[in-house]
Amino acid sequence: MDTQIEFLVRSEQSHTTETLREYALRRLSFAVKRFEHRVRQVTVRLVDENGPRRGVDSRCSITADLVDGGQLFVEATAAWPFAAITLAAGRLSEALRRDADRHAVHRARSAGPSRHRLEGHTLAS
């Protein structure tokens with residue numbers, strides 16, 4: 001994956017940082033793979049909100065800076081940091097897909113109607 005990824009972790013358990021970084025890189029490579037040509041940089045922030053207390057307290061936020069100057073932001077909260085990364089990566093993939101679809105619709109409308117030949121019939125789309 002050629003996209004630059006910045007990874008920031010705010011937690012009291014520093015020994016898991018490298019494992020989380022590798023996991024996030026793997027999940028993001030799957031999430032961004034189809035849209036890599038549209039993404040310039042990805043920033044991942046992982047925060048343990050409650051510290052040593054239990055509960056739904058791992059928040060993963062991902063910001064994707066796009067080549068066209070746009071920016072996408074997704075966030076997920078879960079009890080475990082790995083689950084938060086997985087949820088946020090899935091949301092990023094979905095946001096990138098919706099953004100690509102939006103741009104494809106705009107391109108198709110600006111190009112005007114196209115004509116296709118199919119077995120002697122002319123179809124306007």
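Before going on, a word on the source. This is a predicted model, in which local features need pLDDT of at least 70 and side-chain atom pairs count only at pLDDT 80 or more, while totals for chains, interfaces and linings use all residues. Residues are numbered from 1 along each chain as its sequence is written, and side-chain values use heavy atoms, with hydrogens and water left out.

Now the sheet. Strands here are DSSP runs of E with at least two residues, helices are runs of H or I with at least four, and both are numbered from the N terminus. Two strands pair if DSSP finds at least two bridges between them. In general, pairing goes through backbone hydrogen bonds, either parallel or antiparallel.

The four strands form an open sheet in the order β1-β2-β3-β4, and the pairing is mixed. At the edges sit β1 (4-10) and β4 (71-78), each pairing on one side only. From one strand to the next, the twist averages 10°.

How do β1 and β2 pair? They are parallel, over seven bridges, with β2 covering residues 39-48. Q4, for example, has Q41 as its bridge partner in β2. Helix α1 packs on this sheet and touches β1, β2 and β3 (58-66). Contact means heavy atoms within 4.5 Å. The direction of α1 makes about 140° with that of β1; axes are lines fitted to C-alpha atoms, for helices over the stretch in contact, and angles run from 0 to 180 degrees between N-to-C directions.

β2 and β3 run antiparallel, joined by nine bridges. There, L46 stands opposite C60 in β3. Seven of the ten residues of β2 are buried, so the strand is largely enclosed by the rest of the structure. Buried means under 20% relative accessible area, exposed over 50%, and partly exposed in between, using a 1.4 Å probe and protein chains only.

Last, the rings. The structure holds one aromatic pair. The rings of Y23 and F82 have centres 5.1 Å apart and planes at 85°, so they are edge-to-face. Rings of Phe, Tyr and Trp (its six-membered ring) pair if their centres lie within 6.5 Å; planes under 30 degrees apart are stacked, over 60 edge-to-face, and the rest tilted. Y23 lies in α1 (residues 17-32) and F82 in helix α2 (residues 81-111), so the pair ties together parts 59 residues apart in sequence. Y23 counts as buried at 18% relative accessibility, whereas F82, at 33%, counts as partly exposed.
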